[in-house]
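Please look over the sequence and the model displayed here before reading on.

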Amino acid sequence: MSDARTEVLSRVRAALGRPGSGTTPAGTVGAAPRDVVVPRGYRAAGEHAAGSPEVLEQLVDRLVDYRAHVQQVAETDLPAAVAGLVRELSAGRVAVVVPHGIDRGWLAGLGDEVEVREDSPGSPLPATELDTVDAVLTAARVACSETGTIVLDGEPDQGRRAISLVPDVHLCVVRADQVVQTVPEAVRLLAAHPGRPLTWVSGPSATSDIELDRVEGVHGPRTLHVLLVG
Amino acid sequence: MRIALAATCIADTMFPGAPRATVRLLERLGHEVVFPPGQACCGQMHVNTGYFAEAVPVVRNHVETFAPVADGEWDAVVIPSGSCTGSVRHQQAMVCRRAGLDGLAATAEAVAAKTYELSELLVDVLGVTDVGAWFPHRVTYHPTCHSLRMLRVGDRPLRLLRAVEDIDLVELPAAESCCGFGGTFALKNADTSAAMLADKTAHVRSTGAAVVTAGDMSCLMHIGGGLSRQRAGVGTLHLAEILASTREEPTALPATRADRTGVSR
Amino acid sequence: MSRTFLGLPRRLSRPDDDAPPAAAGAGEPPESPFGPVPHPQTPLRWGDAFPVAARQTLQNAQLRRNLGHATQVIRAKRAAVVGEVPDWEALRDAGSALKERVMAELPELLQQLEENVTARGGVVHWARDAAEANRIVTEIARAKGADEVVKVKSMATQEIGLNEHLAAEGIAAVETDLAELIVQLADDMPSHILVPAIHRNRTEIRDIFLARMGDAPPDLSDVPRELAMAARAHLRRKFLSAKVAVSGANFGVASTGTLAVVESEGNGRMCLTLPETLVTVMGIEKLVPDFEDLEVFLQLLPRSSTGERMNPYTSLWTGVTPGDGPSEFHLVLLDNGRTDVLADEVGRAALHCIRCSACLNVCPVYERVGGHAYGSVYPGPIGAILTPQLTASTGGVSGHDDVNAALPYASTLCGACYDVCPVKIDIPSILVDLRAREVDADRSRGGVDPWAAAMKAASWLMSDGGRFGRAGRAATLAHGLGGRDGVISAAPPPVSAWTRSRDLPAPPRQTFRQWWAKEHESPADAGGER
């Protein structure tokens, strides 16, 4: 008997009626399919430009619909906004994990009671430790307003996938110019680096498994704060 | 227009009121109706049950009977049934091709191109929505699956019904849900079919309508069979029977089992 | 199959047997604590034929209420979010054509995917059937010394019975999707592609958790949020300690080797990110040609399945990323009957399915009978065309007594499934085609089948206007059968199947063509019924 790879590929060829391929397990040889042209009549982009007020308004609307928290802040107010959200986490000491490439200026407003732990692929924090921190702060690669989606691509300002997953609160900074309207715009941007590990986040974790009743907050972060800058 | 009528096998033998009303209605609108006597059935039952080989002679008979429409002898073929029209349009040529009968398939396509379900013929071909009908009763409309999703007749039947004088047209809850007929499905999966029918008849009864109407006698036979068994006192009429009704020649409310046996509604 | 404490056969997949056995006195009749549950021999063929299985499930009033409620909710959600997409039909056209292209170029695309996954540090395995796939996963888990693996909900691993196989090999597979967990804890089978526990309501789920989870809070209520929190607490420890994870994949991008998992709860991210070793089992049909093609499917899938604009989490990964996520990645490419499906010119479109389950949610048959009546992990309309074809080599399509051969008849052909399918699979036409294949197989087998005989007789009668007219005229003689009511309320088989719950009108006094002849034809040309 030939190896599995050879046999499966031979069956596929037989199913498609390619010559000299034997048969499928049921003993059939299929007919050759017709040539296909993929119609691309769908919208490649939305009617609003990236970062336009319409797009930002739509993103906020969608995120709120998913029970995410959104603040629109000016660049200069970002450190204070980050500090404010961190203060709300706990009355006492607070631990926040950040990826090693985070913009240090974003942390400038944090007080002494906040312990900032840095994570990097070179010196990763164990998952059990990530489970004990209060929050994670990351940047993002791109956001899509129609679907309320933020995409992280694992670059140094966003970090390893585990850090935005295990902590219970995710603070995510999105720049206005990173917000596009449609999914195709986001995908084409990400296609420049398809090999990066991507995490598409649309609100906090959720489930509809019980009577299709949506419940926000399961295994992933139960709280998502989005800081929309600019 | 010269319009050839395909009466459908089920209406010809079981529910002649529907094709009779179709004739009355079209003649009233000033058209000539022709009934080619060679017709029998479109082949839908055989095709849908998987008996393609047995469907071929039935399809051939239909196609050859109505082939003159392709040569212009008639202007159109009308069928007072969504599912039969759907079968003519979407199944007949496929069955012919599978049997290697490409010539017959081509003729089938030419006939299908000039074949219309009743509401399509009225609204799209004849350009009328107000056919001058009068029907002073409460009516609810069930959009049959094949009219709705195979032919996409949309709201054509409702536009025709809304234009009927003195009609009290009430919306049917969950109207677009199948009644559970499905041809031989009603026999092969009788329990599931009955469960679907129970929901449909409950929705029909909730409207308080005296009549449930549709564009397909087969679905109406199913819904009507359930209503009759329940002695619901709700009758069934084909869309054509309501549209044919006038003050001068009104269509009577169908007798129901409840009426006949004296059970109150 | 093993015997449980209640004497019932059950699946060998439950991870925790630390829940105390319910007190069952010896000699008492065995009884399942959570209602009747199916116990499959194989995940693609179990139980009675559809008409019989459906008759049983129809009697479960609780099931019908649960399903009726859930499907109505999801139908409304889907309709709302699909309605707001202006180019939905263009997306469906693109999705359909893309999948058709994938099938046409499958040999090349599979090899391209393999090349790219390998180049990025992944290991690609090929599995001809379920047994081979199960063996591959078991060997990987064993090589890692794992006696427990965490799992992301996956139809492919349901289809091959991976959990049962691993359990027999002494490895516990922990389902981490909430609905899969519910199903697993209850020793149940999934009844829906997307929401496997759709047949359970909140109270039943609370009872299952209390009896079987082991660490559920004793005062657990049936509020969905509390139930979800109990699952979170229960699984967190397992996520943090698991060495091996098993997943399926929604899409595999041939040109880059990228795989995608679309999910909601974050259990997928946990499994795909935290354990050192990840094994993904993927059907060979799950490919898309290029990364950009995801822009089509990531719009079609979430809106069709959960009725959301986008699902909470989608993970995409390409081989191994040093320092981020698993250090070892295995991809198992699964045939298990798919090439038999591919060989059918009409039926191959069933492989376009992206497992959204929209067709289940709109199906009037599924809504009444539930998923278990289909006797396969793929229920509903898509299951009715996929299951028989996947089991074609063992009689699924043409087997005279094969329960799967009854599935294509489990539909009224109402067309609701085709309308909502995001990749435009013409399910009604494929159902009809499968019926024809079964009939043709029966025909060549010979023997006497009452349906075949009736269809043959009807064909003769209905292929000639004269014959048909005479038959109709003869039937009018039975007009009197209707009695005072004008209806027939009882009849011999097979018509008795009709008259059990419906009346049948008696034939009219006069057929249409008799009336026509009288009204419209002069005596000279009244020859319609020669």
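What follows is a short briefing, grouped by topic.

This is a predicted model, in which local features need pLDDT of at least 70, side-chain atom pairs count only at pLDDT 80 or more, and totals for chains, interfaces and linings use all residues. Residues are numbered from 1 along each chain as its sequence is written, while chains are lettered from A and ligands numbered from 1 in the order in which they are written.

**Chain A**

- Chain A contains five helices and twelve strands; helices (H or I, at least four residues) and strands (E, at least two) are DSSP runs, numbered from the N terminus.
- The radius of gyration of chain A is 23 Å, well over the 17 Å that the globule rule gives for 230 residues, so chain A is more spread out than a compact globule. The radius is taken over C-alpha atoms, and the globule rule is 2.2 Å times the number of residues to the power 0.38.
- Along the principal axes, the C-alpha atoms of chain A fill a box of roughly 75 × 45 × 40 Å.
- Chain A is divided into domain 1 (1-36) and domain 2 (53-229), with bounds that come from an automatic or database domain assignment. The C-alpha centres of domain 1 and domain 2 of chain A lie 47 Å apart.
- Buried residues account for 50% of the 230 residues of chain A. A residue is buried if 20 or more other C-beta atoms lie within 10 Å of its own, exposed if 12 or fewer, and partly exposed in between, with C-beta atoms placed from the backbone.

**Chain B**

- The secondary structure of chain B amounts to 15 helices and eight strands.
- Chain B has a radius of gyration of 18 Å, close to the 18 Å that the globule rule gives for 265 residues, so it is as compact as a globular protein of that length.
- The C-alpha trace of chain B spans about 55 × 45 × 30 Å along its principal axes, and 64% of the 265 residues in chain B are buried.
- Helix α13 (residues 217-229) of chain B has 13 residues and reaches 17 Å from its first C-alpha to its last, close to the 18 Å expected at 1.5 Å a residue; the expected span is 1.5 Å times one less than the number of residues.
- In α13(B), 13 of the 13 residues are buried, so the helix is largely enclosed by the rest of the structure.

**How the chains meet**

- On the side of chain C, 80 residues are in contact with 69 residues of chain A; two residues are in contact if their C-beta atoms, placed from the backbone, lie within 7 Å.
- Helix α3 (residues 88-104) of chain C gives the most to the side of chain C that touches chain A, with ten residues.
- That side of chain C has 41 nonpolar, 19 polar and 20 charged residues. Here Ala, Val, Leu, Ile, Met, Phe, Trp, Tyr, Cys and Pro count as nonpolar, Asp, Glu, Lys and Arg as charged, and the others, Gly among them, as polar.
- No contact joins chain A and chain B, and their closest C-alpha atoms lie 14 Å apart.

- Two strands pair if DSSP finds at least two bridges between them.
- Strand β9 (residues 198-201) of chain A pairs with strand β11 (residues 313-318) of chain C in the antiparallel sense over four bridges.
- Within β11(C), Thr314(C) is the bridge partner of Trp200(A), and Leu316(C) stands opposite Leu198(A).

**Backbone details**

- Most residues other than glycine have a negative phi, and most peptide bonds are trans.
- Arg67(A) has a positive phi near 70° and sits in the loop between α2 (53-65) and β1 (69-73) of chain A.
- Asp166(B) has a positive phi of about 65°; with 10 C-beta neighbours inside 10 Å, Asp166(B) counts as exposed.
- A cis peptide bond, with omega of about 0°, joins Pro493(C) and Pro494(C).
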